There are 2 protein chains.
Amino acid sequence: MALDHAILVSLLEKPGSGYELARRFDRSIGYFWTATHQQIYRVLARMEGDGLLAVREVPQQGRPDKKEYSVAGPGRSALAGWLHEPIEPESLRHDLAVKIRGVAFDDPAALVQEVERHHRAHSDRLARYLAGELRDFTGPDAPAPLDAGQELQHVVLRGGIAYERMTIAWLDDVLATLHRLGGTAPTATA
Amino acid sequence: MALDHAILVSLLEKPGSGYELARRFDRSIGYFWTATHQQIYRVLARMEGDGLLAVREVPQQGRPDKKEYSVAGPGRSALAGWLHEPIEPESLRHDLAVKIRGVAFDDPAALVQEVERHHRAHSDRLARYLAGELRDFTGPDAPAPLDAGQELQHVVLRGGIAYERMTIAWLDDVLATLHRLGGTAPTATA
DNA sequence: GAATACATGTAAGGGGTTACATGATTCT
DNA sequence: AGAATCATGTAACCCCTTACATGTATTC
């Protein structure tokens with residue numbers, strides 16, 4: 001149910017339409033939570049029905065009108081309540097690791113290209129995160145003393161950066177392992 | 001749908017009952033995929049119905065009888081097919097990061113205990129992973145030259161270890177940031 | 001006597017993914 | 001003329017989580 005809370009946080013940072021939220025979930029929020037527009041519209045409608053959000057119809061010129069959502073009082077309370085509840089440390093779901101173990105029953109070399117593709121994807125993400133960090137937090141155009149909200153955004157971004165760096169290093173390890181096994185035929189064909 | 005494939009891999013490594021699979025998903029497989037017994041029993045029934053798995057009723061003494069599942073021919077083919085299809089790099093879902101950004105609209109100090117709890121949970125996991133590595137791969141009782149399957153299991157475990165180390169370091173960073181903000185009242189109460 | 005391990009399930013509900021659907025405007 | 005951006009939705013399906021349900025054997 002953390003999508004609800006992610007939307008509350010994002011709308012507290014800045015009110016916006018479903019479409020705008022979907023874009024934020026592709027960028028800044030994307031490094032710790034993903035959501036598609038279909039999901040977002042459904043949740044926005046539900047939360048508005050529950051009185052957690054307020055809507056304002058904003059007519060626009062040369063563009064479709066939009067509904068601008070903002071957090072209502074009960075929405076703020078709901079977020080505060082959740083912040084004070086403990087949550088469980090996440091458990092992983094890593095498809096690629098399943099594949100790596102599965103390839104013991106197939107040809108290890110067949111995975112090399114796949115792992116390289118993932119390596120590129122994570123390198124791209126890291127580059128985007130680093131560019132964002134420079135733009136918003138550490139570069140010359142960033143605000144001089146960061147306020148609390150910005151400090152918190154920065155530490156979350158640092159988490160994303162650490163995750164991508166760790167993943168890239170691990171994928172290098174995986175590639176080296178696959179190459180070492182390259183000459184050998186699959187052993188565990190039990 | 002990778003639960004299906006995770007089960008196929010696990011049953012190829014060693015046939016077993018639903019109960020045994022659930023235990024593996026709490027241990028070795030747990031560091032890249034989690035599943036509860038309810039999920040596992042349902043998926044096992046479905047896969048057996050689809051002819052991907054074979055069952056054998058095993059009567060036992062002093063214990064309930066069990067159904068031992070193993071991978072049938074079509075199951076092997078299904079896994080091989082999946083291994084050769086590309087998959088998307090995972091996108092994150094990190095509740096704690098949502099909380100960290102949300103605490104800008106609340107009291108940052110309120111999160112310290114929560115973050116410390118997560119820190120302990122990840123430290124515990126790391127300790128378990130390291131013990132497992134020593135037992136199965138790097139210790140004196142580990143098989144001298146590892147076969148391909150063991151090499152692949154080891155590289156996946158190294159991924160789990162790297163993930164936990166990275167996470168612990170990041171949580172230290174988060175704690176330091178929260179303490180730095182400790183004196184300040186929430187700024188972004190917009 | 002209570003807790004833990006072994007063993008297998010059903011049922012309800014919620015969340016997420018994928019596909020489908022529409023329509024105006026701006027850019028190449 | 002076609003693609004991309006802005007903007008909002010519906011519908012079907014699948015996966016996952018949580019709660020409920022049952023029963024034996026062993027260990028503390």
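**Helices and the chain contact**

Guide: One thing to start with: α5(A) passes α7(B) in a right-handed crossing. Keep in mind that this is a predicted model.

Visitor: OK, and at what angle do α5 of chain A and α7 of chain B pack?
Guide: The angle is about 160°, and the two axes are 8 Å apart. Angles over 145 degrees count as roughly antiparallel, so that's what we call α5(A) and α7(B).

Visitor: Which residues in α5(A) meet α7(B)?
Guide: From α5(A) you have Ala97(A), Ile100(A) and Arg101(A). Across from them in α7(B) sit Leu152(B), Gln153(B), Val155(B) and Val156(B). Sorted by class, this contact of α5(A) with α7(B) has 5 nonpolar residues, 1 polar and 1 charged.

Visitor: Zooming out, how many residues of chain A are in contact with chain B?
Guide: 69 residues of chain A, and they touch 69 residues of chain B. The area buried between chain A and chain B comes to about 7,100 Å², with carbon and sulfur atoms giving 64% of that.

Visitor: And how many salt bridges are there between chain A and chain B?
Guide: The count is 6. As for salt bridges, Arg158(B) and Asp173(A) meet in one through their side chains, at 2.7 Å from N to O.

Visitor: Switching topic: how do α6(B) and α7(B) sit, roughly parallel or roughly antiparallel?
Guide: Roughly antiparallel. Helix α6, residues 112-138 of chain B, packs on α7(B) at about 155°, with the axes 9 Å apart.

Visitor: Is that crossing of α6(B) and α7(B) left-handed or right-handed?
Guide: α6(B) passes α7(B) in a left-handed crossing. By class, their contact has 14 nonpolar, 12 polar and 7 charged residues.

Visitor: What about α1(B) and α4(B), what's their angle?
Guide: About 120°, with their axes 10 Å apart. In chain B, α1 is residues 2-13 and α4 is residues 73-83. Angles from 65 to 115 degrees would be roughly perpendicular, but α1(B) and α4(B) come out as oblique to each other. The crossing of α1(B) past α4(B) is left-handed.

Visitor: Who makes the contact there?
Guide: On the α1(B) side, Ala2(B), His5(B), Leu8(B), Val9(B) and Leu12(B). The α4(B) side brings Gly75(B), Arg76(B), Leu79(B) and Trp82(B). By class, the contact of α1(B) with α4(B) has 6 nonpolar, 2 polar and 1 charged residues.

Methods. Residues are numbered from 1 along each chain as its sequence is written. Chains are lettered from A and ligands numbered from 1 in the order in which they are written. This is a predicted model: local features need pLDDT of at least 70, side-chain atom pairs count only at pLDDT 80 or more; totals for chains, interfaces and linings use all residues. Side-chain values use heavy atoms; hydrogens and water are left out. Axes are lines fitted to C-alpha atoms, for helices over the stretch in contact, and angles run from 0 to 180 degrees between N-to-C directions. Helices (H or I, at least four residues) and strands (E, at least two) are DSSP runs, numbered from the N terminus. Angles under 35 degrees count as roughly parallel, over 145 as roughly antiparallel, 65 to 115 as roughly perpendicular and the rest as oblique. A crossing is left-handed if the near helix is turned anticlockwise from the far one by less than a right angle, and right-handed if clockwise. Contact means heavy atoms within 4.5 Å. Ala, Val, Leu, Ile, Met, Phe, Trp, Tyr, Cys and Pro count as nonpolar, Asp, Glu, Lys and Arg as charged, and the others, Gly among them, as polar. Buried area is the accessible area (1.4 Å probe) that two parts lose on being put together, summed over both. A salt bridge is a side-chain nitrogen of Lys or Arg within 4 Å of a carboxyl oxygen of Asp or Glu.
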